[in-house]
Amino acid sequence: MKIVKANAGALTNFEVLDFLNSRGASKDTTRVIAPIARSEYKVYDYLLETAASTQTRESVNKFADKCKDFNVAKAEILNIINLRPSSIVELDPIIEKAPEGQEVREIDTDGILELVKDLLPPLPTTETETPKDNDEEETENSELS
(Lines give C-alpha, C1' and ligand atoms only; values in the text may rest on other atoms or scores of the structure.)
Protein backbone atom coordinates (compact mmCIF):
# COMPACT_ATOMS: atom_id res chain seq x y z
CA MET A 1 0.00 0.00 0.00
CA LYS A 2 1.26 3.46 -0.86
CA ILE A 3 1.75 6.08 1.80
CA VAL A 4 1.02 9.71 0.95
CA LYS A 5 3.14 12.16 2.91
CA ALA A 6 1.22 14.83 4.77
CA ASN A 7 1.52 18.20 3.02
CA ALA A 8 3.53 16.65 0.18
CA GLY A 9 2.07 19.23 -2.20
CA ALA A 10 -0.69 19.28 -4.76
CA LEU A 11 -1.64 16.01 -6.40
CA THR A 12 -2.99 15.33 -9.85
CA ASN A 13 -6.42 13.75 -10.12
CA PHE A 14 -4.65 10.63 -11.41
CA GLU A 15 -2.59 10.40 -8.21
CA VAL A 16 -5.72 10.73 -6.06
CA LEU A 17 -7.50 8.05 -8.11
CA ASP A 18 -4.43 5.80 -7.89
CA PHE A 19 -4.33 6.30 -4.12
CA LEU A 20 -8.03 5.43 -3.75
CA ASN A 21 -7.49 2.34 -5.91
CA SER A 22 -4.58 1.30 -3.69
CA ARG A 23 -6.91 1.56 -0.67
CA GLY A 24 -9.37 -0.80 -2.33
CA ALA A 25 -11.84 1.52 -4.04
CA SER A 26 -13.55 -0.12 -7.00
CA LYS A 27 -16.77 -0.18 -8.95
CA ASP A 28 -18.10 -2.82 -6.55
CA THR A 29 -21.74 -1.88 -6.09
CA THR A 30 -21.93 -3.14 -2.51
CA ARG A 31 -18.85 -1.17 -1.46
CA VAL A 32 -18.56 -3.03 1.81
CA ILE A 33 -15.29 -4.79 1.06
CA ALA A 34 -12.88 -1.84 1.14
CA PRO A 35 -12.25 0.45 4.12
CA ILE A 36 -13.21 3.54 2.12
CA ALA A 37 -15.41 6.33 3.45
CA ARG A 38 -18.57 7.31 1.58
CA SER A 39 -17.05 10.70 0.73
CA GLU A 40 -13.99 8.99 -0.74
CA TYR A 41 -16.25 6.89 -2.95
CA LYS A 42 -17.93 10.07 -4.18
CA VAL A 43 -14.50 11.41 -5.16
CA TYR A 44 -13.63 8.04 -6.72
CA ASP A 45 -16.85 7.98 -8.77
CA TYR A 46 -16.24 11.55 -9.96
CA LEU A 47 -12.62 10.85 -10.94
CA LEU A 48 -13.68 7.83 -13.00
CA GLU A 49 -15.49 10.24 -15.30
CA THR A 50 -12.47 12.52 -15.78
CA ALA A 51 -9.19 12.34 -17.68
CA ALA A 52 -7.62 10.71 -14.60
CA SER A 53 -9.35 7.41 -15.37
CA THR A 54 -7.50 6.97 -18.67
CA GLN A 55 -4.09 8.24 -17.55
CA THR A 56 -1.12 6.17 -16.41
CA ARG A 57 1.71 7.09 -14.08
CA GLU A 58 4.08 6.90 -17.05
CA SER A 59 2.00 9.27 -19.21
CA VAL A 60 1.59 11.79 -16.38
CA ASN A 61 5.31 11.76 -15.47
CA LYS A 62 6.43 11.97 -19.10
CA PHE A 63 4.05 14.88 -19.76
CA ALA A 64 5.21 16.75 -16.63
CA ASP A 65 8.86 16.29 -17.63
CA LYS A 66 8.29 17.51 -21.20
CA CYS A 67 6.29 20.54 -19.96
CA LYS A 68 9.40 21.93 -18.26
CA ASP A 69 10.57 22.99 -21.74
CA PHE A 70 7.53 25.27 -22.12
CA ASN A 71 8.15 27.73 -19.25
CA VAL A 72 4.94 26.83 -17.40
CA ALA A 73 4.50 26.68 -13.64
CA LYS A 74 3.96 23.46 -11.68
CA ALA A 75 0.39 24.47 -10.88
CA GLU A 76 -0.30 25.04 -14.58
CA ILE A 77 1.14 21.62 -15.43
CA LEU A 78 -1.06 20.02 -12.77
CA ASN A 79 -4.17 21.74 -14.15
CA ILE A 80 -3.32 20.74 -17.71
CA ILE A 81 -2.94 17.11 -16.62
CA ASN A 82 -6.22 17.23 -14.67
CA LEU A 83 -8.28 18.99 -17.34
CA ARG A 84 -6.57 17.65 -20.49
CA PRO A 85 -7.41 20.62 -22.72
CA SER A 86 -7.77 19.84 -26.41
CA SER A 87 -8.04 23.39 -27.77
CA ILE A 88 -6.62 26.83 -27.16
CA VAL A 89 -9.99 27.87 -25.71
CA GLU A 90 -9.60 25.24 -22.97
CA LEU A 91 -5.87 25.83 -22.43
CA ASP A 92 -5.81 29.64 -22.33
CA PRO A 93 -7.58 30.03 -18.93
CA ILE A 94 -5.11 27.58 -17.36
CA ILE A 95 -2.05 29.65 -18.30
CA GLU A 96 -1.66 32.55 -15.88
CA LYS A 97 -1.20 35.95 -17.46
CA ALA A 98 1.64 38.17 -16.24
CA PRO A 99 0.48 41.10 -14.10
CA GLU A 100 0.82 44.56 -15.61
CA GLY A 101 4.35 45.84 -15.46
CA GLN A 102 5.94 42.38 -15.45
CA GLU A 103 7.62 40.72 -18.38
CA VAL A 104 5.16 38.68 -20.47
CA ARG A 105 5.96 34.98 -20.73
CA GLU A 106 6.07 33.56 -24.22
CA ILE A 107 4.15 30.28 -24.03
CA ASP A 108 3.99 27.91 -27.00
CA THR A 109 0.34 26.93 -26.55
CA ASP A 110 0.28 24.97 -29.81
CA GLY A 111 3.29 22.98 -28.60
CA ILE A 112 1.60 22.26 -25.27
CA LEU A 113 -1.60 21.13 -27.01
CA GLU A 114 0.46 18.86 -29.27
CA LEU A 115 2.14 17.40 -26.18
CA VAL A 116 -1.27 16.82 -24.57
CA LYS A 117 -2.46 15.03 -27.71
CA ASP A 118 0.71 12.90 -27.95
CA LEU A 119 1.26 11.97 -24.29
CA LEU A 120 -2.05 12.10 -22.40
CA PRO A 121 -4.72 9.52 -23.26
CA PRO A 122 -8.05 10.80 -24.58
CA LEU A 123 -10.87 11.64 -22.19
CA PRO A 124 -13.15 8.74 -21.28
CA THR A 125 -16.28 8.48 -23.37
CA THR A 126 -19.64 8.34 -21.72
CA GLU A 127 -22.51 6.14 -22.75
CA THR A 128 -24.49 9.17 -23.95
CA GLU A 129 -21.87 9.94 -26.58
CA THR A 130 -22.46 6.76 -28.59
CA PRO A 131 -24.22 6.94 -31.97
CA LYS A 132 -26.75 4.35 -30.75
CA ASP A 133 -28.12 6.83 -28.21
CA ASN A 134 -28.51 9.49 -30.88
CA ASP A 135 -30.65 7.09 -32.92
CA GLU A 136 -32.79 6.33 -29.88
CA GLU A 137 -33.20 10.05 -29.21
CA GLU A 138 -34.38 10.66 -32.78
CA THR A 139 -36.90 7.81 -32.49
CA GLU A 140 -38.25 9.22 -29.22
CA ASN A 141 -38.57 12.70 -30.75
CA SER A 142 -40.38 11.28 -33.80
CA GLU A 143 -42.84 9.44 -31.59
CA LEU A 144 -43.65 12.65 -29.73
CA SER A 145 -44.65 14.48 -32.94
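This is a predicted model: local features need pLDDT of at least 70, side-chain atom pairs count only at pLDDT 80 or more; totals for chains, interfaces and linings use all residues.
Residues are numbered from 1 along each chain as its sequence is written, and side-chain values use heavy atoms, with hydrogens and water left out.

**Overall make-up**
- The protein has 7 helices and 0 strands, these being DSSP runs numbered from the N terminus (helices: H or I, at least four residues; strands: E, at least two).
- Of the 145 residues, 29% are buried, with buried meaning under 20% relative accessible area, exposed over 50% and partly exposed in between (1.4 Å probe, protein chains only).
- Among contacts (heavy atoms within 4.5 Å) between residues at least 6 apart in sequence, 59% join residues at least 24 apart.

**The pairing of α3 and α6**
- The two helices pack at an angle of about 160°, and their axes lie 10 Å apart; the axes are lines fitted to C-alpha atoms over the stretch in contact, and angles run from 0 to 180 degrees between N-to-C directions.
- α3 and α6 are therefore roughly antiparallel to each other, a label for angles over 145 degrees, whereas under 35 counts as roughly parallel, 65 to 115 as roughly perpendicular and the rest as oblique.
- On the α3 side, Ser59, Lys62, Phe63, Lys66 and Cys67 meet Ile112, Leu115, Val116 and Leu119 of α6.
- The residues of this contact divide into 6 nonpolar, 1 polar and 2 charged (nonpolar: Ala, Val, Leu, Ile, Met, Phe, Trp, Tyr, Cys and Pro; charged: Asp, Glu, Lys and Arg; polar: the others, Gly among them).

**The largest nonpolar core**
- This core, a set of buried Ala, Val, Leu, Ile, Met, Phe, Trp, Tyr and Cys residues joined through side-chain atoms within 4.5 Å, has 27 residues, and those with the most contacts inside it are Phe63, Val72, Ile80 and Ile112.
- Two or more core residues come from each of α1 (13-22), α2 (38-47), α3 (57-67), α4 (74-83) and α6 (109-119), and α6 gives the largest share, 5 residues.
- Apart from its neighbours within four places in sequence, Ile112 is in contact with Phe63, Phe70, Val72, Ile80, Leu91 and Ile107.

**Asparagine 79**
- Asn79 is placed in helix α4 and, at 33% relative accessibility, counts as partly exposed.
- Leaving aside neighbours within four places in sequence, Asn79 is in contact with Arg84 and Ile94; the C-alpha atoms of Asn79 and Ile94, 15 residues apart along the chain, are separated by 6.7 Å.
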